[in-house]
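Subject: Model handover and findings

Hello,

Here is the model we talked about handing over. My notes on what was found in it follow below.

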Amino acid sequence: MTTTDVAVELITVVIDGFEVNVPKGTLVIRAAEQLGIQIPRFCDHPLLDPVGACRQCLVDIEINGRAFPKPQASCTIPVEPGMIVKTQLTSPVADKAQKGVMELLLVNHPLDCPVCDKGGECPLQNQAMSTGHAESRFEGTKRTFEKPVAISSQVLLDRERCVLCARCTRFSDQIASDPFITLNHRGALQQVGIYENQPFESYFSGNAVQICPVGALTGSSYRFRARPFDLVSTPSACEHCASGCDMRTDVRRSKTLRRLAGDDATVNEEWNCDKGRWAFKYVTAVDRLTTPLVRGADGVLAPASWPEAIAAAAAGLKGKRSAVLVGGRATVEDAYGYSKFARIALGTNDIDFRARVTSDEERDFISSKVVSSTTTYADIDKADHVALVSFEPEEESPIVFLRLNKQVRKRALKVSSISTKLSIASEKLNANFAKVAPGAEAAALTALELTNKSVILVGERASETPGLLSTVISVSEKTGAKIGWIPRRAGERGAVEAGALATLLPGGRPVEDAAARVDIAAVWGVQSLPSTAGRSTSEIIKALSTGELDSVVVGGVDALDLPHSKDAIAALKKSFVVSLEIAPSSVTEVADVVLPVAAVTEKSGSFLNWEGRARAFAAAVNDSFNRSDLRILSMIADEIGESIMLGTVTQAAREISSLGTWDGARATFKSVSTSGAHSVNGDQALLTSWRRLLDLGTLQKGEDNLAGTSRKSVAVISASRAEKLGVKNGDALRISNEVGSITLPALVEAIHDDAVWIPRNSRGTQPLISLNSVHGDVVSVVKA
Amino acid sequence: MTKLTPVLSAHWDEKDSFTIQAYKRHGGYKASEKALAMDPDAVIQLIKDSGLRGRGGAGFPTGMKWGFIPQGDDKDHYLVVNADESEPGTCKDMPLLMANPHVLVEGCIIASHAIRAKRAFIYIRGEVTHVVRRLNQAIEDAYKAGHLGNGFDLVLHVGAGAYICGEETALLDSLEGFRGQPRLRPPFPAIAGLYARPTVVNNVESIASVPAIIANGAEWYQSMGTEKSKGATLYSLSGHVKNPGQFEAPLGITLREILELAGGVRSGHKLKFWTPGGSSTPIFTDAHLDTPLDYEGVSAAGSMLGTKALQIFDETTCVVRAVLRWTEFYKHESCGKCTPCREGTWWLVQILRDLEDGRGTEADLEKLLDLCDNIMGRSFCALGDGATSPITSSIKHFRDEYIAHLTNGGCPFDSAKSTLFEGANA
Amino acid sequence: MPYSQDELATMNSIIERYPRSRSAIMPLLHFVQSRAGYVTNEGIETIAKLLTIETAEVSAVATFYTQYKRKPVGEYHVGVCTNTLCAVMGGDAIFSALKDHLGVENDGVTADGKVSLEHIECNAACDYAPVVMANWEFYDNQTVESAKSLVDAARAGNPPAPTRGPNKLVTWKEASAVLAGINDGLANEGVQAGEPSLLGLKLSKNGGAK
Ligand SMILES: Cc1cc2nc3c(=O)[nH]c(=O)nc-3n(C[C@H](O)[C@H](O)[C@H](O)COP(=O)(O)O)c2cc1C
Ligand code: SF4
Ligand code: FES
């Protein structure tokens, strides 16, 4: 508890003869938990509004000597002074009431525990053991339904197992604002269901499966795959985005079988998104790299032994002008390894973690503002106004969306979205939609009314609009609003703190600050460090193509994520490339040495989420080779003769924490002026796009059930443009420029008249590759 | 000598009684004129003084309910009239609205003034097309005549077949466009009702009683009825009686008196059992003929006055069959929200069917009673409680008849005998 | 077939009755039934769009209430009260006779689409038992014979007038429009009350009450 929190009133109640002090407003069922008294329950869920529907949690209550005439649902009654509660442990009435409800719940429940996925971890099964009668008195006919029904490609429903607690429907409505599943019909025929033409395609549907207290909702991918007692569970962190979900990974015989949302009240509460839950097969996808590869004199990549490969890598790097590109997915420890490797083994500050469209303005923004940022989820909870700038929370950081949604529902938090197109999330958040032309975001931000209680959440796409980050800073300085920078990938904030950037050393220390260099050099045990700021991703690519650089170490970067990807691949082809990867990619294809590394689930480590909060995890699956990037970099450094001494994750973590904090000056920010939107005429439009949560991302490989729920690829235009073009929803639109073209069905929606929106990396639409363009560029839009 | 006191029904025998002209002919819309000139609090006080209690079943004092609405809270307030009338046996509100819808419209004007509501809704069950027409027309005519509009609006909302929507919080959810399932209380409707705003929910008859009270004064109303159950009310007599129908009489009249007026049980037969206030009120027998039909009298005798739906069954009626039918009704109408009611009624029906067919043993009666014990007071709302009333009360009074089914290997009654067209092949 | 401009205008006027649009869902469903005779997918999708809620939320409501039908019913939908009192007094006999007579089960529709049959719960007319409803109009004091002739006449296209209702029985779709709150001008037709409703009043006049 922070000191600014108002003191909460404590109330003393007596439960089963024991006194307990709990904050005012605590429900009886949770006050009992404080005493270790478990009252059975089904519909109750601490994060959903109480309903009191299942009646399993009945207890006897009296207040100041006045007894309630009948047992009360402890999940709906807040404690009151003078309250005396008797649970099933001390009240025969409560005990009989609970046994009675349990018996009734089982009347229509099938006896299929042996074939049910929930068997062994089923609250109904468990509570039937503790609260139920040994034998059923029911001799009649049970309700049956056709089973199971697929309510989406990834969720199955067995209605006869359902106890109608309505957790799933309440979750979908109250938490995700996706009421695609509802209770239908009435009475004994009441059943969960979808509307026949609208599957349960919510990004958060897996949570409904997870909180189902019986086996009524199951994930298609996990169904019949395992029994809970065969699984080994490991606490983990999600590698998919910067939200930072706490997770649990369940493994059987070295194979991940499922992942569940963990419980972290400060971050994801008890939720996660479907990508985090269900996209893990990429690790076991068939094309996983297993042995090192070295390009031979014949120009062919051929399997090699580790010593051979390490030697080849070191030989190609030693004494050369080299750089490091490390994608945004590295763990903090690995990123630290790359950072140290660049400075010591390669003697350069030419390192960048940003494998996407970037700018120098963004690099400066990160070096000066992100490194020191303390903005957290808690700031969203307290904010008077949250501005979303080039950021679509549901698509790009889903837990941020859930948190915003919670505040919107709870206290009508004001949210403004500065965007070219109205999104589903903005509608759900009831956001004030500041519709702008691509490139004109800055002016709209300046126009917002913000205070020192406001929060500006800015996405990585802000780097695509010159001057926007400068405006974010100036607006923040003027109003006192806090800034939260929310990149998409899980490793980006950690890479910032690890110094995997041309201008930063670990701990946010500016490269150009001599004292900062001395700090780090001391810890690293070296004489000095390279002192001038290095090159950015695009500068590195450029330097490789012009021959100013000879070689590059590439960790987890797909060249197809880079602007001008063809040029980038050509530049890599010309250079000596050491690629650390888990699977073949556009980079491994042109690499000279390919070193297979461990996937996240196979190693321990940590991420920093967008808040900068550490999300540590242990290896869920043992990788017999222990091939963390870190270890391999260490070996190469040893071979080069400039050791970085980072053999293990633990070593790296210890060294990172020994660096201490940096109290010196931050890098300075040079403001960039805005250029505004281009003007268009005729068939021209300004392209705008973002990535959807479920798309063609490499980490979603092998998950067809998940992919089945992704949003359809469309090209969004305004009503007036549609009228001008004579197109209606569903007609084909062709978006093109001199590089190429994309054809998609049209969708008329609220979007700036000058703009056309397409998904950035979905089926049939990869503008970065086929148009070499993503935001604000002029394209032509015609009826195809 | 008759105790009957037609007030609400006073002019139902006029052919055009449902028109605004007929209503005005008898002083209609004068009471609202008078009330609108009064301070709202004075109207509430007057209703409190009259002793009017809710006619929807529970008998909660109407004036006190109005008094719970917060004042000066700058929020919209709502009046919602409960015209869902679906409790088996209950058949007073529909004839009232068919014959004189304007008295409800005028009652709404007065009640809304008292609770400072600018908008009122009448939630009427959907299975009564002609009553909907009459009420809709009355509202239209009241608008045309200027009694509605000018800052006060009355909206008719038509249900779609769900007994549970008579339960006031389910009604509110239904009116808001959701499935009609009851809400958690607190908050009570007086604090957070329709659209989470302070709301009064009253039965049709309760609100329809208001204009006469305003017109004639609290004392006049007080002068009728018994000590704690003031005024007159509609008793609905149905079933095996010579002349079924509506009897408007002071509270406290007895069934014996009403039966006398109605010509008694159908000739050649005798009273076996009856409900004082709908199927959810425990049944009575001929031992209760002299129970005063007011809130206190009926509850002292172990049942509830409920909706004053006096359903009379003679000795030809099989109590097991009657109870099974009611239980099937509760099963059909259970909203499904809570386990005891949803699953309990499913099970109860199966046991009762077996008993009716003579399957089972006397132990099943204990099981039935134990199940009722596990439903009664364990359900989310009173529907589940009501479902147990016919069972427990009938086993209390007619245990032998249940057992007779078992020993007989089936129902010992000839169902044709209890029909009105005796002899038809059932 | 998509809704016409007129129909959409009516639907919007229904929404305007309420301070919050979602409240209009029930009359809108009645309205949808008044067009197609039942709640069609198109109806559900249109309502969802008009109220800016999800289709699942509309179907959740539509399936809760027994009066909303998700498949077509007859032009004359006949409900026989089989709740205890009516059942005992003849409702059961009437219902089983009608099933035989029409050759349909509960919730069935005759092959000509004219008549559908449903056993219904207490319809607030117990003093007129046994009660039959056709398109939710009252047919009081029925017998097996009167009920059979009611459905026969309905199939022939000339059903008798309701006991307490307009001079002519309207169709299922027309009745649904009334339930959607659309005035069909028939309110003044028919009796103001039946005999049982007037019994107490008559007795009091005869006996000189008050
Ligand atoms: C299952 C159930 C059904 C009910 N049905 C009705 C009804 O049809 N009409 C009615 O006025 N009250 C009904 N009530 C009572 C209402 O909840 C509420 O108490 C009443 O409308 C209040 O009005 P009053 O104070 O004027 O009596 C029902 C209650 C329950 C539990
Ligand atoms: S008792 Fe339960 S299931 Fe029955 S109607 Fe009430 S809330 Fe619904
Ligand atoms: S857990 Fe309390 S009623 Fe369901």
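A salt bridge here is a side-chain nitrogen of Lys or Arg within 4 Å of a carboxyl oxygen of Asp or Glu. This is a predicted model, in which local features need pLDDT of at least 70 and side-chain atom pairs count only at pLDDT 80 or more, while totals for chains, interfaces and linings use all residues. Residues are numbered from 1 along each chain as its sequence is written, chains are lettered from A and ligands numbered from 1 in the order in which they are written, and side-chain values use heavy atoms, with hydrogens and water left out.

Chain A with chain C

The count between these chains is one salt bridge. The pair is A:Glu196 and C:Arg70, whose closest N and O atoms are 3.3 Å apart. Eleven residues from chain A and 14 residues from chain C take part in the contact (heavy atoms within 4.5 Å). Together chain A and chain C bury about 1100 Å², 50% of it on carbon and sulfur atoms; buried area is the accessible area (1.4 Å probe) that two parts lose on being put together, summed over both.

Chain B with chain C

Here the contact takes 91 residues from chain B and 78 residues from chain C. The area buried between chain B and chain C is about 6600 Å², with 59% on carbon and sulfur atoms. B:Arg133, B:Ala160 and B:Phe421 supply 10% of the area that chain B buries against chain C, more than any other three residues. Five salt bridges are found across the interface of chain B and chain C. The side chains of B:Arg321 and C:Asp92 meet in a salt bridge at 2.8 Å, N to O.

Within chain A

Over all chains, the structure holds 102 salt bridges. A:Arg691 forms a salt bridge with A:Asp561, with the closest N and O atoms 3.4 Å apart. A:Arg691 lies in the loop between β31 (684–690) and α23 (704–707) of chain A, and A:Asp561 in the loop between β26 (551–555) and α19 (565–574) of chain A, so the pair ties together parts that are 130 residues apart in sequence. Helices (H or I, at least four residues) and strands (E, at least two) are DSSP runs, numbered from the N terminus.

Helix α8 (residues 332–345) of chain A and helix α21 (residues 629–640) of chain A have axes that come within 9 Å and cross at roughly 15 degrees. Axes are lines fitted to C-alpha atoms, for helices over the stretch in contact, and angles run from 0 to 180 degrees between N-to-C directions. α8(A) and α21(A) are therefore roughly parallel to each other (angles under 35 degrees count as roughly parallel, over 145 as roughly antiparallel, 65 to 115 as roughly perpendicular and the rest as oblique).

Backbone and chain C

A cis peptide bond joins A:Lys147 and A:Pro148, with omega about -25 degrees. A:Pro148 is in the loop between α3 (123–131) and β7 (149–150) of chain A. Another cis peptide bond, with omega about -10 degrees, joins C:Ala129 and C:Pro130, and C:Pro130 is in the loop between β2 (115–120) and β3 (132–134) of chain C. A:Glu269 is not a glycine but has a positive phi of about 50 degrees.

Chain C has eight helices and four strands. The C-alpha trace of chain C spans about 60 × 50 × 30 Å along its principal axes.

Regards
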